[in-house]
Amino acid sequence: MNRLSFSPLFTRFSRKKTAAAVLLVVSVFFSSFLPAAEPPPEYAAIEPLASKSLLLSACLADGRMVVVGERGHILYSDDKGSSWTQANVQTIATLTGVYFHDKNLGWAVGHDAVILKTADGGKTWSRVYSAPEEERPLLDVWFKDAEQGVAVGAYGLFMTTEDGGLNWSENPIGEEDWHLNQIRRSDSGRLYIAGEAGNICRSDDNGQTWTVLPSPYAGSFFGVLPLEGDTVLVFGLRGHLYRSEDAGDNWQPIESHTQAMLTGGARMPDGRLVVVGLSGTVLVSDDNGKSFSLLQQPDRMAIMSALPVEGGKVLLIGDGGTKELSIAVKE
């Protein structure tokens, strides 16, 4: 295990072996790119069926559900996903990540390295950063507080802000350009990044320095799900799923019963875990991730993210919008 402070992160693997990686999966698996207009519209179009479009990420903002996806679509729901309202959004770029600090203040990121900010609970979003000429999409975003935040993305893109997202600077955490797919914070305050070519990073100081963790797999990880204490899950290509009880220093493989790409996870209020993926994959665990059961969805539609809903239900977010799924209540 290596201790890093903005120094080379990874031993390089063949890029040909990892070309299928990343939540650029958005582009590979779905035709999310739109033909350029002259000039392109500044705001996402308000569309009656936006809630049925491709959605890629979701979060909870003090009870409000917020989802983001293709063509700059951002929608919010105050009735646990029964109905959705489309937000006013200053971009048409595909959006891949969203994070809320509190019920009002949130950020979203996506293609064209676009970064959006809201101060009204997700009703309206203003573009605070964009760099389409660099062709490096941002894939996820996290904030320590109302001022300090991190956005991660393709080709090693790692950006930070100290003023609530009004200004951003690029601060690479290594010389290699592996895609950084998802960033999550544990209950204990550690940050984890799941990345391309089996790369997993951890920060114990709110992102100032990073440790490259030993990897159990050379393929790409698209999601990380911190649990209680030092337990954490990582998952990605071909159904690969691993669990650690020591903050990522050692990993154990977990049977996922699928070879579908795993893309997102959620912790349920009763302690159960849900991991989702392509081909309608839903995995459920009632033993803190030591084992999972497969609840294959018959429509086989891609699921990119999940949010817990009261009453033993989970909201699935992905191709075709959102769908509520009841899962067996833990006895």
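**Exercise 1. State which residue forms a salt bridge with arginine 272, and classify both residues by accessibility.**

Solution. Step 1: A salt bridge is defined as a side-chain nitrogen of Lys or Arg within 4 Å of a carboxyl oxygen of Asp or Glu. In this predicted model, local features need pLDDT of at least 70 and side-chain atom pairs count only at pLDDT 80 or more, whereas totals for chains, interfaces and linings use all residues. Residues are numbered from 1 along each chain as its sequence is written, and side-chain values use heavy atoms, with hydrogens and water left out.

Step 1: The partner of arginine 272 is aspartate 270, with the closest N and O atoms 2.7 Å apart.

Step 2: Buried means under 20% relative accessible area, exposed means over 50%, and partly exposed lies in between (1.4 Å probe, protein chains only). Arginine 272, at 2%, is therefore buried, while aspartate 270, at 34%, is partly exposed.

**Exercise 2. Describe the salt bridge between aspartate 78 and arginine 64.**

Solution. Step 1: The closest N and O atoms of this pair are 2.8 Å apart.

Step 1: Strands (E, at least two residues) and helices (H or I, at least four) are DSSP runs numbered from the N terminus. Arginine 64 belongs to strand E3 (residues 64-69), and aspartate 78 to the loop between strand E4 (74-77) and strand E5 (85-86); the two residues are 14 residues apart.

Step 2: Aspartate 78 is exposed at 53% relative accessible area, whereas arginine 64 is buried at 14%.

**Exercise 3. Identify the strands that are tied together by the pair lysine 313 and glutamate 324.**

Solution. Step 1: The two side chains meet in a salt bridge of 3.4 Å, N to O.

Step 1: Lysine 313 lies in strand E28 (residues 313-318) and glutamate 324 in strand E29 (residues 321-326), so the bridge ties together parts eleven residues apart in sequence.

Step 2: Lysine 313 is partly exposed at 27%, and glutamate 324 is partly exposed at 40%.

**Exercise 4. Determine how E20 is enclosed and which strands pair with E20.**

Solution. Step 1: Five of the five residues of E20 are buried, so this strand is largely enclosed by the rest of the structure.

Step 1: In a regular strand the side chains alternate between the two faces of the sheet. In E20, Val232, Val234 and Gly236 are on one side, Leu233 and Phe235 are on the other, and all are buried.

Step 2: Two strands pair if DSSP finds at least two bridges between them. E20 pairs in the antiparallel sense with E19 over five bridges, and also with strand E21 (residues 241-244) in the antiparallel sense over four bridges.

Step 3: Phenylalanine 235 is the bridge partner of glycine 223, and leucine 241 in E21 is a bridge partner of phenylalanine 235.
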